[in-house]
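Me: Please show me the protein that we are to discuss. I should then like to ask about the terms used to describe it.

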Amino acid sequence: MRVGIAADHGAFELKQYLADQLRGAGHEVTDFGAHSLNQDDDYPDFVIPLAQAVAAGTIDRGIALCGSGVGASVCANKVSGIRAALIHDHFSAKQGVEDDHINILCMGGRVVGIAVAWDVTRTFLAAEFSQAERHQRRLGKVSSLETGLPPD
């Protein structure tokens, strides 16, 4: 799978760890930065290009990280076509893809340990959208917010 990953200083070490794990698991990884630890960097500088690549389809799924994961999630969700979620547990990682078709996983480097982060990441990448009619209907209503058209 083509996986993109991005983080600011608040999750730089977690990003490095996850990128290595992903490569070791056979994924094609694109690192959107940060490429060095800089306490003055800003997560939008890395998360926006990641989200744009996922929306364009050049990356299959993304992982966006910051100190809490909240800023990365808010930022990624501003890009049309992105369904990013802040997740720190196995169940939500699976359900988020199966039911809500999330395409970017957001986590906080200051609030989740590396073992949990890797478990959540593997679960997120292994899950597939269910294609259930009720989930497609709900996503259509959410997508209508991006187009400005009323939901069906």
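**Helices and overall form**

Reply: Helix α2 is followed by Gly57, whose phi is positive, near 85 degrees. The model is a predicted one, in which local features need pLDDT of at least 70 and side-chain atom pairs count only at pLDDT 80 or more, while totals for chains, interfaces and linings use all residues. Residues are numbered from 1 along each chain as its sequence is written, and side-chain values use heavy atoms, with hydrogens and water left out.

Me: What makes α2 a helix, and how do you know that its span agrees with its number of residues?

Reply: Helices are DSSP runs of H or I with at least four residues, and strands are runs of E with at least two, numbered from the N terminus. Helix α2 has 13 residues, 44-56. The expected span is 1.5 Å times one less than the number of residues. For α2 this gives 18 Å, and its end C-alpha atoms are 18 Å apart, so the two agree.

Me: Which residues of α2 are called buried, and why are they said to lie on the same side?

Reply: Buried means under 20% relative accessible area, exposed over 50%, and partly exposed in between (1.4 Å probe, protein chains only). In α2, Phe46, Val47, Leu50, Ala51, Ala53 and Val54 are buried. They cover an arc of only 160 degrees around the axis, and therefore lie on the same side of α2. The arc is taken from the directions from the helix axis to the C-beta atoms. Asp45 and Ala56 are exposed, on the face turned away from the buried side.

Me: What do the buried residues of α2 pack against?

Reply: They pack against β1 (2-7), β3 (61-66), α3 (70-76) and β5 (104-108). A contact means heavy atoms within 4.5 Å.

Me: Why are the buried residues of α4 said to line one face?

Reply: In α4 (residues 90-100), Ala93, Gly96 and Val97 are buried. Seen down the axis, they fall within an arc of 85 degrees, so they line one face of the helix. The buried residues of α4 pack against β3 and α5 (114-126).

Me: How do you know that the radius of gyration of the protein agrees with that of a compact globule?

Reply: The radius of gyration is taken over C-alpha atoms, and the globule rule is 2.2 Å times the number of residues to the power 0.38. With 152 residues, the rule gives a value near 15 Å; the protein has 15 Å, which agrees. Buried residues make up 44% of the 152 residues.
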